[in-house]
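These are notes for a colleague who is opening this model for the first time. Please read them with the structure at hand, point by point.

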Amino acid sequence: MSGRAMISCFSPPSTTPCSAPIPLWRRNHLLHATPPPSLHLLSRRSHLVAGGRRVWVNVKSEKNLSESPKYEDDVVVQKKKKRGLDNVEEEARWWQVFPKRWVIVVLCFSAFLLCNMDRVNMSIAILPMSAEYNWNPSTVGLIQSSFFWGYLLTQIAGGIWADTVGGKQVLGFGVVWWSVATALTPIAAKLGLPFLLVARAFMGIGEGVAMPAMNNILSKWVPVSERSRSLALVYSGMYLGSVTGLAFSPFLIHQFGWPSVFYSFGSLGTVWCSVWLSKAHSSPLEDPELRPEEKKLITANCSSKEPVKTIPWRLILSKPPVWALIVSHFCHNWGTFILLTWMPTYYNQVLKFNLTESGLFCVLPWFIMAISANVGGWIADTLVSKGLSVTRVRKIMQTIGFLGPAFFLTQLSHVNSPVMAVLCMTCSQGTDAFSQSGLYSNHQDIAPRYSGVLLGLSNTAGVLAGVFGTAATGYILQHGSWDDVFKVSVGLYLVGTVISLEYFPQKKHYEKNRSFN
């Protein structure tokens, strides 16, 4: 019974009973029941007489209660508190519903950011280091290529390890390993050239497992409809890592000396690793905090689930699309790694930029790559969602990724101003980034369960291109010119275009190739 109803039945103290008698069970209920909170607020006293028994009740009318200033203040405070709690709940709900698969993608992005920060700092630091230790161009080329010695060793091994053990452990190991090697680089340089070569090779060992491990993780976490843009975001971390490394390295060198670059960049790996170990899982099946609806979405749209036990090497190596990936990766990385390692030297020697200018102008092409990679990823996923075949999308993107850099590198021999040279370099790198939605997405298309191994195979060829291309560039510069360096890269870009158009798998081959998943 509400307070208003009770009051209407009661009357002021008198001998007149209520108009209707109250049953015995109701009287007992009123005597023993706890009154509502509003009845504890004394205002006036009412009583009833029923069956010769008087019952006193303390009440306050709703009208007087609502007119009380204190009551109005209490209501306002309670409403504010409720709004505050609602906001907190909304924020908590927003964080809880944020897709966990994109948390994994962002963590992989940040790992690749650190990866290229630690890699490109040598391309800036090599200038004061070569002046301090009197290194000639051939020695500089040897130092630059020593990174790829270790990088080459762990490509296939990292893919096997990731596919059988899980990508979380492998990527975490890689980041810790290369961060330690980066921090030890100044000490190794002071001990002598052989120690520096070993330190750079050790750094390559750590970074060599990163791409196969990442590919394995995303093949399990990211649905096919989000594949291009997720990979584009992760690989844009490499480009932004180049931007960050090239932008901050000159400042650190001028302020604190070249060793500070390696000490500061290397220490960042510990921060990333602490977050990775607490948030990441190799597979959505291993994540106890994953929401059921997201787990259902992922498992229904990803072919790669459980870790593999054996690798069907003969079956994999018998597929023409696999060899097309390997050759295309070699052709792509020859030009990419030359620009990555030698661009600051080109700006310094040919365009006559000083150390700071070389670092700053090197930032622009990599920044454009980060943007164009994500643009290409969204375009590719949109085309796939609109019904265009995956094969055609991959070929379109890879053709842009090969012919674009080839065209702009040929223009470098015809420009006469530093501004135009930087513009050509920028456009070359910008179009190169479309390869993330072509070549680099194709591993998961044709063999999602063995994507780590497949990327390890093709990236081994890419690393060989980095080893030979970086060292060969130093040799070419001693006996030729920069035009000769760019001609070799253009030739390989054209070969890669033909291979990718001819041998990237047709739509009917996708089901065949996915049969060994």
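1. Over the ring of which residue does the charged end of Arg229 sit? The ring is that of Trp378, and the charged end of Arg229 is 4.5 Å from its centre; a charge is said to sit over a ring if NZ of Lys or CZ of Arg is within 6 Å of the ring centre and within 35 degrees of the ring normal. Arg119 likewise lies over the face of Tyr151, at 5.1 Å from the ring centre.

2. A word on the basis of these notes: this is a predicted model, in which local features need pLDDT of at least 70 and side-chain atom pairs count only at pLDDT 80 or more, while totals for chains, interfaces and linings use all residues. Residues are numbered from 1 along each chain as its sequence is written, and side-chain values use heavy atoms, with hydrogens and water left out.

3. The structure holds 19 aromatic pairs, where rings of Phe, Tyr and Trp (its six-membered ring) pair if their centres lie within 6.5 Å, and where planes under 30 degrees apart count as stacked, over 60 as edge-to-face and the rest as tilted. Among them is the stacked pair of Trp177 and Phe202, at 5.7 Å centre to centre and with 10 degrees between the planes. Trp177 belongs to helix H7 (residues 167-191) and Phe202 to helix H8 (residues 193-208), so this pair ties together parts that are 25 residues apart in sequence; helices here are DSSP runs (H or I, at least four residues), numbered from the N terminus. Trp177 is partly exposed, with a relative accessible area of 31%, and Phe202 is partly exposed at 39%, given that buried means under 20% relative accessible area, exposed over 50% and partly exposed in between (1.4 Å probe, protein chains only).

4. Trp342 and Trp482 form an edge-to-face pair, 6.3 Å centre to centre and with 70 degrees between the planes. Because Trp342 lies in helix H14 (residues 320-349) and Trp482 in helix H20 (residues 482-503), the pair ties together parts that are 140 residues apart in sequence. Trp342 counts as buried at 4% relative accessibility, as does Trp482 at 11%. Both residues belong to one aromatic cluster, together with Tyr346, Tyr347 and Phe486.

5. Helix H9 (residues 210-221) packs with helix H19 (residues 451-479) at an angle of about 150 degrees, with their axes 8 Å apart; the axes are lines fitted to C-alpha atoms over the stretch in contact, and angles run from 0 to 180 degrees between N-to-C directions. That makes H9 roughly antiparallel to H19, a term for angles over 145 degrees. On the H9 side the contact (heavy atoms within 4.5 Å) is made by Met211, Pro212, Asn215, Asn216 and Ser219, and on the H19 side by Ser451, Gly452, Leu455, Gly456 and Asn459.

6. Ser146, found in helix H6 (residues 137-165), is buried, with a relative accessible area of 0%. Apart from its neighbours within four places in sequence, Ser146 is in contact with Leu197, Arg200 and Ala201.

7. In helix H11 (residues 259-279), the buried residues include Phe262, Phe265, Trp272 and Trp276. The buried residues of H11 pack against helix H5 (100-133), H7, H8, H9 and helix H10 (227-256).

8. Asn134 has a positive phi of about 60 degrees although it is not a glycine. Most residues other than glycine have a negative phi. Asn134 is found in the loop between H5 and H6 and is exposed, with a relative accessible area of 69%.

Technical notes
Helix = DSSP H or I, 4+ residues; strand = E, 2+ residues; numbered from the N terminus. Parallel < 35°, antiparallel > 145°, perpendicular 65-115°, else oblique.
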